[in-house]
Amino acid sequence: MFALLLATLTQSLTLIPLALGINLSYTILRATDMTIDGSFVLGAGVFAQLVTLGFSPYLAFVAALVCGALAGSFTAFLQNGGKVDPLLAGILSSFILYSVNMVVMGRPNINLLTTPTLFSAAFVHSSVWGWLSVALLIAMIVIAFYSVLQSRVGLSLRAFGDNAPLLARQGYPVTRLRVMGFGLNNLLAAASGAITAQIIGYADIGMGVGMTLIGIGAIVLGQHLILPFIHRHYLRAGSELIAAFVGIALYFFILNGLLRLNINPIYLKLLLGVLLALFLRTATQKARLSS
Amino acid sequence: MKQFLTYLSLIALLLLSACHDNRPTDPETQKNLQVGIIIPIEHPAMDEITRGFEDTLSAELKQKVSFQVMRAQGDMNLQRSMILQLQNQKVGLFAPISTQTTEMTASMVHDRPIVGVAALLPDSVRAKSKLALVDDEITPTQILQFIHAIYPKKTQLSLVYSNNDKMIPQINEAVSAGAALGIQVEKRMITTLPDLYSVAQSLSPQTEGILVLKDVQVASGIATLVKVADEKHLPLITSDDGTVENGAGFALGVKEYQIGVEGAKVAAKILQGTPPQDIPVVRMTNLSVFINPTALKAQDQDTAAIEKEAAAHHYKIVDVTNKKAVE
């Protein structure tokens with residue numbers, strides 16, 4: 001049981017920024033941003049390439065975040081003025097990012113096993129120190145993100161997701177808000193990619209495939225478990241974050257649990273999908289009953 | 001109430017799985033040495049490597065061995081979960097197949113030996129972990145020299161490859177080796193399998209043959225290249241037996257089973273006490289030429305010329321249509 005919880009915790013930890021990013025796009029901006037599949041790899045690729053070239057891991061991490069934000073801004077730029085549908089814009093960006101990532105990385109896989117990273121010194125000391133340093137960085141990202149959500153900018157982003165045309169009529173800079181929102185969610189995805197690359201020991205061109213869908217599935221799961229019990233509006237931002245943590249942890253708990261039951265991996269996604277569908281079905285029934 | 005019951009039943013199911021101890025319950029199996037094999041993607045070549053590894057390691061060791069074979073289905077998160085699970089199961093040795101799987105295992109496992117099968121990593125990585133490697137690649141120079149010996153007049157070949165990390169240095173070597181032999185190597189890269197059709201249709205009209213190095217992604221779509229090779233009467237030359245069985249003309253390579261055999265020999269040495277770092281990277285030397293006479297006929301190629309050169313190079317000739325060595 002302890003081993004399962006530990007595996008769940010360590011796997012979830014690196015994907016928390018990704019879950020926050022998807023939470024921002026899916027729940028707050030009300031858009032399914034497929035750019036994340038590409039910006040996750042972009043973050044990993046930029047970080048890996050820069051540290052391999054001898055740059056400081058701190059500088060490489062900041063560069064990865066900036067590149068992620070730029071990728072998100074590009075998606076927002078495609079949407080601005082209603083020219084391209086948000087889903088299509090995300091798919092287009094993700095498509096373009098495949099080539100961009102190849103150019104950035106120069107090869108499909110960059111090995112980080114012997115390169116100094118943000119956590120390598122801590123992991124050399126001990127695994128506990130290593131994971132504590134990862135947790136510290138994640139905590140800093142979560143606190144910064146929560147502060148943004150609670151600020152005036154965060155409230156504007158929420159209003160943008162709720163009713164962008166109304167906001168535009170009231171004279172708010174909707175275009176800028178879209179760029180900020182999509183930039184921020186892809187910055188978080190890039191952070192997750194850069195952290196994951198350091199933990200698994202490499203950045204790979206194919207490591208982002210399906211990340212958006214895993215994230216959305218996990219968030220939906222977490223929200224249906226947590227949000228029905230939170231009724232106070234001022235707790236909304238905090239409860240959404242907790243829902244994202246719970247969702248991503250539950251995803252890996254179920255994945256590891258099914259593996260421990262020796263279920264053939266071919267059926268894992270089918271079973272995960274059925275479990276998710278069961279959660280969603282009960283939640284929908286409850287919503288119908290209450291209305 | 002209904003929602004509560006559903007949640008309750010799902011959580012109960014999860015707790016049940018969490019409490020389930022998936023270590024072997026049979027006392028005999030518990031006494032056995034546990035070896036974890038991690039397969040990144042479902043592919044017949046991976047199964048052959050695994051079979052060679054299991055057969056040989058069981059035969060090499062006096063102790064009984066139990067194999068935990070994990071198939072990650074191309075999913076990075078799943079692969080990570082599997083490595084963590086094998087760690088918790090206290091397996092005595094890890095045998096990841098492919099470079100990427102070996103990288104992930106080496107990053108996560110520090111206290112147990114690892115034999116990276118069909119993998120190649122820098123020496124600096126080996127120095128930092130308990131890692132031994134079996135490199136399955138034949139140099140592109142060897143392949144191009146063999147092709148040049150069969151077809152001395154050919155001056156242009158199309159090399160179809162995927163953007164796999166192992167491929168890039170090999171492609172560069174193939175271009176250089178071709179240039180040294182007076183063969184212009186036209187590079188054609190695919191990023192996804194559906195790209196293969198477009199690439200196959202857009203080969204240079206001057207090309208005199210299609211070459212595929214050892215590449216799982218291109219091998220998966222070999223039928224597309226077979227069709228083009230048959231239509232244009234071009235030799236389709238590959239680097240593994242599976243693609244020749246599926247319609248390529250001939251290949252210079254090694255049997256996948258043999259890669260597993262070499263991996264198991266390394267694993268046996270480690271389990272008998274040799275430190276992994278002291279074992280040099282194993283390279284495949286026992287080369288075979290796999291031929292498919294039916295496919296060669298469809299591609300308008302001379303089987304006898306290939307067999308003659310294979311014999312001159314002391315390569316074993318394997319006719320894949322009747323699955324036996326003819327020489």
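Predicted model: local features only at pLDDT ≥ 70, side-chain atom pairs only at ≥ 80, totals over all residues.
What share of the contacts in chain B with a separation of 6 or more comes from residues 24 or more positions apart? The figure is 69%, where two residues are in contact if their C-beta atoms, placed from the backbone, lie within 7 Å.

Residues are numbered from 1 along each chain as its sequence is written, and chains are lettered from A and ligands numbered from 1 in the order in which they are written.

Let me stay with chain B, which has 15 helices and 14 strands, these being DSSP runs numbered from the N terminus, with helices (H or I) of at least four residues and strands (E) of at least two. Of the 327 residues in chain B, 47% are buried, a residue being buried if 20 or more other C-beta atoms lie within 10 Å of its own, with C-beta atoms placed from the backbone. Helix H5 of chain B, residues 99–108, is mostly covered, with nine of its 10 residues buried, among them Thr99(B), Glu103(B) and Met104(B).

The domain assignment, which is automatic or from a database, gives chain B a domain 1 of 23–136 + 257–283 and a domain 2 of 140–253 + 287–325.

Now to one pair of helices in chain B. Two packed helices are described by the angle between their axes and the distance between the axes. For H7(B), residues 140–150, and H8(B), residues 167–180, the axes come within 8 Å and cross at roughly 35°, where axes are lines fitted to C-alpha atoms over the stretch in contact and angles run from 0 to 180 degrees between N-to-C directions. On the H7(B) side the contact is made by Pro140(B), Thr141(B) and Leu144(B), while H8(B) contributes residues including Gln170(B), Glu173(B) and Ala174(B).

Finally, the two chains touch each other, and the contact takes 37 residues from chain A and 37 residues from chain B. On the side of chain A that touches chain B, helices H1 (2–28) and H11 (268–290) are among the elements that each supply at least two residues, and the largest share, eight residues, comes from H10(A).

Notes. Buried ≥ 20, exposed ≤ 12 C-beta atoms within 10 Å, placed from the backbone.
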